[in-house]
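Thanks for coming. Please have a look at the sequence and the structure on the screen, and then I will go through a few parts of it.

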Amino acid sequence: MIELDRRHMLEGLAALIGLSALPADALAAAARKPSLLDAPTTALLAAVSDTFIPRTDTPGAVQAKVPATVDGLLRDWANPAHRAAHIAALKAIDTAARAKTGKPFALLTPAARKTFLTGYDLENFSNPDYYKLKDLLVTAYYMSEPGATVELRYEHVPGAWEPSIPLTKDTRAWAGHNVG
Amino acid sequence: MFDAIVIGSGMSGGMAAKELCELGLKTLVLERGRKIEHGASYNDWMQPWDLPTGGGVPEEVLEKDYPIQRQCYAVNTATQQYWVKDSQHPYETPENKPFSWIRGYHLGGRSIMWGRQTYRYSEMDFSANARDGHGVDWPIRYADMAPWYDKVETFIGVSGENDGLAQLPDGKFLPVMPMTDGEKLFKTAVEKNFAGRKVIMGRCAHLTQPQPHHIELGRNPCQYRSLCERGCSFGAYHSSLSSSLPAATRTGNLTLVTDAIVHSIITDPKTGKATGVRVIDQNTKKGTTYEAKVVFLCASTIGSAQVLLQSANEANPRGLANSSDQVGRNLMDHVYGPSVMAVMDGPETFHRGRRPNGIYIPRYRNLDGQTEPYLRGYGYQGRVMRQGWHGVAMGAPGVGTELKDRIRHPGAWMVGLSGFGEMLPNPENRVTLSATRKDEWGLPLLNIHCEHGENDKELGRRILEDAKAMVTAAGGRIIKESSKLHPPGLGIHEMGTARMGHDPKTSVLNKHNQAHDVPNLFVTDGAAMTSSGCQNPSLTYMAMSARAANYASELLKAGTI
């Protein structure tokens, strides 16, 4: 149903950052838990996530497994009210896309998704349910290993405090917690 | 029979135990919580993507088990093991008068999760009550504390700078953690526009350059990770686990018993002196009594008041050491909550590493006499850094490659300031024992009644007003401001429930932290504080603990207690 070839992208990603080195038991544990979201909702989540954070010279949201991470957060972290609100906010994007374009969001071309979501994002920026959903998706990406280490820069043990370093157009932001 | 029993293994108890053991006293430390191990119990190895549920504690767990603790900034899945379950450790508050009691029951207590800001109280603070008549006069002055501040700072290791300010005395410091270029700019702007205000680098209990006595204890330099609240396997900040308890242990004089909830301090009806401590094992609920010549109560401000009230007996119907009726009263915290954030122009530079410390603006109001329409004053903690990825991501609309590009680059300079104000002592702000409700160990629940007074609320308003003026003077454009006072307790600087004073009729402890009523009982945690200052108080608790331990040892050796 969706155009995103997850397997292909994950293989590419694994080569890029050594995902295959993730502990097997962690992967197995994650795989054992059933998904919360059904297939169409998962496809919508993947399409929305990857429209927010597309693949560029670095991995996009789907390659960083944002859909699976968010599924896990909705299942294991969110309370029932917030879970329902997040899912409703996600489905509201699809409803609006159908109304405007006549097609489900996930079936639009990447360019059409971006055009639609850019307008929707502007209109809904002060809508708390939408804002929280976007925050969840974007945060899931930048806290992932590819988001933190391939797109941004993360040092678990910086070892030093350098209060003034040059800032150029190539300087990447620091990932992780407590970085400003 | 021990020479000394120390109740509590946190910031104060750890320091008391270290001193007593080093003075050659056979010392028993009682900790109500479970045993945890330095290093082995910590989660500081977890990378962002390793954190269970992304670092957020499941919301239903927060609602059920941590409705109070969740208000603390440091609660996440990497630190969850350190916070009490409110569901298991309830307390009463009056309707519409919340008090946020943030705590952890485990070896080392809150010394594991503390904010590590480390400041001396000044002569102005120790004479504050005498000056305006609120509370009773402190029976000590700065000169009494100075040598103990020296000793404790040297032992724990404090990064900072001597700034030459009377209201924030200099100390024994390791190299300072330097300011960012944005902070230097902010400092220049504030000091130029506001006479008498200083922006200094925060002083924190981190080893920027470990000394031989730190290295001997296995402590290492700060790695600038800012994962501190998880516990630091490098032992780079002072905690009971990294520093004071290892120093106590190596003397051979320390005995440590965990899972031991204090039921009461036992006294001899003939002499009135403490003879020991009765505890309940938190798991088996079995009772045990330990005997000692001297007792140090370091169970935390509220916990220590609780123990004294629980220790009521025929001779002391209102609770132990409470002939003054001041035990449990004068509960204070710092006025906390009002804050601002602003975007600021600044140099084209960045920073590397996560500095676990910020800038500090020491108190500048009512320094040389009463010059303002309100009493006492306030200081600020803050920082000026480039906005991190999350703020950049969520601060404006954006989708796709444009959003990704925006987040990729460090954000604008952001200044954040948060005030800490001095709360006045008020005898009506107090903890008492519930008349009806008990916990699962059969001990009465606490009732905490605490609210901000008019002066406290006024400080909150002034904190916000001044913060806005300072960031604006530095060219800041305010993007967020909060005028809300957090409930008392959430500053996590609670103090005052067994105050020191000259007069046994109006205070619980004398100038040596010794109970007026019970000569071999010392209370050396935040309970002893006669006024609150506006500085982070842990250093003062540790200095009082060390000072009292040395005094108690002299009395024991002289045979007078």
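One term before we start: two residues are in contact if their C-beta atoms, placed from the backbone, lie within 7 Å. Keep in mind that this is a predicted model.

Take B:Val152 as a case. Setting aside residues up to four places away in sequence, B:Val152 touches B:Met15, B:Leu539, B:Met542, B:Ala543 and B:Ala546. B:Val152 is also among the residues with the most contacts inside the largest nonpolar core, which has 144 residues.

Next, a loop residue. B:Leu23 lies in the loop between helix 1 (11-22) and strand 2 (27-30) of chain B. Is B:Leu23 buried or partly exposed? Buried needs 20 or more other C-beta atoms within 10 Å; B:Leu23 has 19 within that distance, so B:Leu23 counts as partly exposed. Leaving out neighbours within four places in sequence, its contacts are B:Ala549, B:Asn550 and B:Ser553. B:Leu23 and B:Thr251 are 228 residues apart in sequence, yet their C-alpha atoms are 9.2 Å apart in space.

Now a check on a helix. Helix 6 of chain B has 13 residues, 181-193, and at 1.5 Å a residue it should span 18 Å. Its end C-alpha atoms are 19 Å apart, which agrees. Several residues of this helix are buried, among them B:Asp181, B:Glu183, B:Leu185, B:Phe186 and B:Lys187.

On to strands. Strands of a sheet pair through backbone hydrogen bonds, either parallel or antiparallel. Chain B has an open sheet of six strands in the order 3-10-11-12-8-15, with antiparallel pairing. Its edge strands are strand 3 (200-201) and strand 15 (477-482), and each pairs on one side only. Inside the sheet, strand 10 (residues 359-361) and strand 11 (residues 378-386) of chain B pair over three bridges. In that pair, B:Ile361 stands opposite B:Tyr380.

Now chain A. Chain A has eight helices and one strand, and from the N terminus on the order is α-α-α-α-α-α-α-α-β. Of its 180 residues, 40% are buried. Among contacts in chain A with a separation of 6 or more, 63% are between residues 24 or more positions apart. The average pLDDT of chain A is 87, and 82% of the residues score at least 70. Over residues 1-24 the pLDDT is below 50, though this stretch has 26 contacts in the model beyond near neighbours in sequence.

Last, where the chains meet. Strand 1 of chain A runs antiparallel to strand 9 of chain B, residues 349-352, and three bridges join them.

Technical notes. Residues are numbered from 1 along each chain as its sequence is written. Chains are lettered from A and ligands numbered from 1 in the order in which they are written. This is a predicted model: local features need pLDDT of at least 70, side-chain atom pairs count only at pLDDT 80 or more; totals for chains, interfaces and linings use all residues. Two strands pair if DSSP finds at least two bridges between them. Helices (H or I, at least four residues) and strands (E, at least two) are DSSP runs, numbered from the N terminus. A nonpolar core is a set of buried Ala, Val, Leu, Ile, Met, Phe, Trp, Tyr and Cys residues joined through C-beta atoms within 7 Å. A residue is buried if 20 or more other C-beta atoms lie within 10 Å of its own, exposed if 12 or fewer, and partly exposed in between; C-beta atoms are placed from the backbone. The expected span of a helix is 1.5 Å times one less than its number of residues. pLDDT is the predictor's confidence in each residue, from 0 to 100.
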